[in-house]
Every structure is written in C-alpha cells, then in structure tokens.
Amino acid sequence: MTPESKRTAITVDAGFDSGNIEVLGVDGATARLAIRRDTSSEFFQWFHFRVSGCAGRALELRITGLASAAYPDGWVGYRACVSEDRDIWTRAETRYEAAVDGGTMTIRYTPEAATCWFAYFAPYSMERHHDLVAEMAASDGVTHRVLGTSLDGQPIDCLSVGEGETQVWLIARQHPGESMAEWWVEGALDMLTDPADPHARALRKRCRFHVVPNCNPDGSRRGHLRTNAVGVNLNREWHEPSAERSPEVLAIRNAMDETGVHFAMDVHGDEAIPAVFFAGFEGIPGWTEPQGEGYRRYRAILERRTPDFQTRRGYPAARPGKANLSMATNQIAQRFGAVSMTLEMPFKDNDDLPDPVQGWSPERSKLLARECLASLLEWLS
C-alpha cells in the first residue's frame with residue numbers, strides 16, 4: 001500500500017436497490033454512519049451499503065444512534081454481514097457499545113478487493129426476485145399471476161404449483177428487511193419444481209401451493225426494515241387491509257379467499273433471538289383443539305427432522321381470545337380454520353448450531369425450506 005492510498009478517504013454509498021446508510025463523516029479508512037428510518041415511520045434497523053477504495057485497508061465503520069433502533073437487543077451478539085463479490089456473504093468483526101454516541105456498532109474488516117458491501121443480512125435484490133419469478137414461471141407445471149400492485153406500482157407476484165386439493169400458502173417479506181425470508185422461498189421453489197425430488201413429487205400430488213416470494217416490494221427496494229412505501233407495517237393490516245394503506249395485503253387476502261387455505265406459513269426473521277422458531281395462532285377466538293394439535297404435530301416433526309429448528313425459545317403465546325387478528329398467522333387461522341404459523345429465522349446465528357464464518361445464512365435458509373416442505377409431507381401422511 002502506498003502512502004497516498006493511506007491518506008485517501010474511502011467512499012461509502014447506498015444509492016442502489018435496498019441500500020440504506022447515511023454518511024456522517026469519513027476520515028481515511030474510518031467512517032461514522034447512521035441508518036435512515038423507514039419512510040413516514042420510526043422503524044429502522046436494516047442497513048446495506050458499499051465501501052470503495054478499500055483494498056488492503058483496515059476499515060473501521062461506526063454506525064451510531066442504534067439504541068433507538070426498532071430492536072436494540074438485536075445488536076447484542078450480532079456480527080455484520082460482508083461480501084466482496086455480492087455472492088458469498090460472511091461475517092465481520094463487530095462490537096456494540098450501547099453507551100457510546102447513542103448506541104454504536106463498530107465493524108472492522110480488511111478487504112482484499114477495492115470494493116466491499118456490508119448489510120444487516122445478505123440482501124435479496126428485486127433483480128434477483130424477478131430472476132426467480134422468471135425461472136419459476138417457465139418451469140413445468142407452474143402458473144404465475146399478479147395478485148395486485150403495490151403503492152409504488154410494483155407487482156405482487158404469486159407462483160402456483162401442484163395438482164392436489166390441499167391449499168398451501170407460503171408468503172414472505174411482509175417485513176422487507178427480513179431478506180432471509182426470500183432466500184427461504186428460493187429454496188422452497190427450487191425443491192417444489194425439481195422433477196426428481198421425491199418429496200416434491202409427492203407434495204405436488206397432494207397439494208396446490210401458492211407462493212408469494214415478496215409481499216412488500218416497495219419496502220424492499222427502498223431499504224426499509226419493516227414497512228411499505230407509506231410507512232405501514234403490513235403484518236398489522238390483515239383484519240382490514242385497504243387499497244390506500246396496504247394494497248399488498250388486500251390483494252393476497254383476496255386471493256386466499258378465492259382458494260381457501262388449509263396450511264399457511266408466513267416467513268420472517270427475528271432480530272434478537274439467536275434461534276429458529278415458530279409463532280402460532282394460540283388465542284384466536286375460533287380456536288379448536290384439532291387445529292392446535294395440527295400445529296403442534298407439525299412443529300414436532302420439523303424439530304425432529306432438522307437440528308436448525310427448536311421449540312424451547314420463541315415468543316410467548318397469546319391468552320385465549322387475545323390473539324392479534326391484524327397479524328397474518330392469526331387472521332388466516334381464524335378466517336379459514338387453517339393450520340398457520342410464522343417462521344422466524346435469526347439475523348444473528350443459530351446458537352444451537354453456530355457457524356463462525358457465516359452465522360445464519362442464505363444457504364441455511366434455503367436448506368431449512370426443504371426440511372419444512374419434507375415435514376409437511378410427513379404431516380399430511
């Protein structure tokens with residue numbers, strides 16, 4: 001490295017799909033940064049930015065003001081995602097200090113390449129989304145339809161496959177910053193469209209799958225954590241979605257009304273809990289014991305099939321009659337009598353089976369999807 005390269009300031013930018021960072025100051029290879037809030041909302045936690053002019057330099061990136069983030073407990077034990085080729089994402093040395101500058105996370109990393117990218121989790125771009133839709137729509141037996149459009153005019157894509165009578169809905173990225181959810185969907189669709197996979201072949205005979213890879217394309221493109229183009233949390237709109245606030249949910253729920261729902265999974269990510277877990281529909285007014293037993297049995301099958309899933313940690317169950325019917329899982333269970341659940345994957349790592357290089361990752365999300373579907377076949381049998 002030349003003396004000149006040591007003096008030259010790095011460049012930090014986020015002017016791209018799902019980008020989010022504000023540059024407060026740069027000095028050489030050190031930058032002071034902040035995360036932009038979701039539009040018309042107090043939510044913030046997702047970040048995604050590029051650093052240029054950094055080959056061989058010891059970067060020190062300080063993201064400040066994080067004690068006011070949506071989930072400040074999410075920073076404890078967290079390591080930032082980093083990639084030099086936007087394909088393989090690993091984890092960088094990361095330290096969080098709650099008492100410094102309103103809560104500061106310091107990322108240290110020395111790249112070999114001239115540019116590198118940092119993100120809260122490995123991003124799933126809208127371009128990759130459209131590649132996924134194009135590939136799957138061209139697969140044998142798959143039908144594609146646009147359920148509606150978002151407030152920014154983006155399509156709400158739905159891919160359907162299978163000839164069976166059991167109606168299965170898989171939806172992801174109501175919260176756009178939870179990008180592991182669409183990696184999960186990619187794994188699920190890869191399996192369901194594999195003509196040689198025996199589980200997929202049996203599932204296609206038993207079920208009709210309806211898959212919405214991205215419920216919130218506007219928030220995804222804008223670099224939001226949790227909301228759509230006008231700052232609405234879609235997973236609090238299922239009781240009465242509207243064309244003005246939440247056309248995404250309105251379109252999906254209307255489509256569900258057309259098909260009915262027997263089994264549903266709403267795929268998410270959790271900032272604080274370093275584990276994979278389900279949230280169920282306990283507390284809905286229409287709860288039945290057979291419905292609850294179906295949920296418990298599916299959960300037990302998945303726990304037996306993969307060490308990446310557990311039932312010890314998670315959210316507290318709602319008391320009888322106290323379920324929040326504005327949330328997808330509860331509304332679907334109540335409205336259709338379905339077995340429905342929210343799948344939560346970690347932004348951190350799975351502490352039961354940690355990976356020091358990647359933490360929780362796109363690869364593990366995709367593998368988990370295959371186990372979820374194989375578990376569904378066993379559950380149906």
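Tyr 298 is buried, and Trp 379 is buried too (buried means under 20% relative accessible area with a 1.4 Å probe, protein chains only). Keep in mind that this is a predicted model, where local features need pLDDT of at least 70, side-chain atom pairs count only at pLDDT 80 or more, and totals for chains, interfaces and linings use all residues. Residues are numbered from 1 along each chain as its sequence is written, and side-chain values use heavy atoms, with hydrogens and water left out.

Four of its five residues are buried, so strand 10 is largely enclosed by the rest of the structure. Strand 4 (residues 48-52) runs antiparallel to strand 10, joined by five bridges, and strand 6 (residues 81-83) is also antiparallel to strand 10, with three bridges (strands pair if DSSP finds at least two bridges between them).

On to the rings. The whole structure holds 19 aromatic pairs (Phe, Tyr and Trp rings, the six-membered one for Trp, with centres within 6.5 Å; planes under 30 degrees apart are stacked, over 60 edge-to-face, the rest tilted). Phe 121 and Phe 347 make an edge-to-face pair, 6.3 Å centre to centre with 85 degrees between the planes. Phe 121 sits in the loop between strand 10 and helix 2 (126-137), and Phe 347 in the loop between strand 17 (339-346) and helix 9 (362-380), so this pair ties together parts 226 residues apart in sequence.

Definitions and conventions:
Buried < 20%, exposed > 50% of the residue type's maximum accessible area, 1.4 Å probe, protein only. Helix = DSSP H or I, 4+ residues; strand = E, 2+ residues; numbered from the N terminus.
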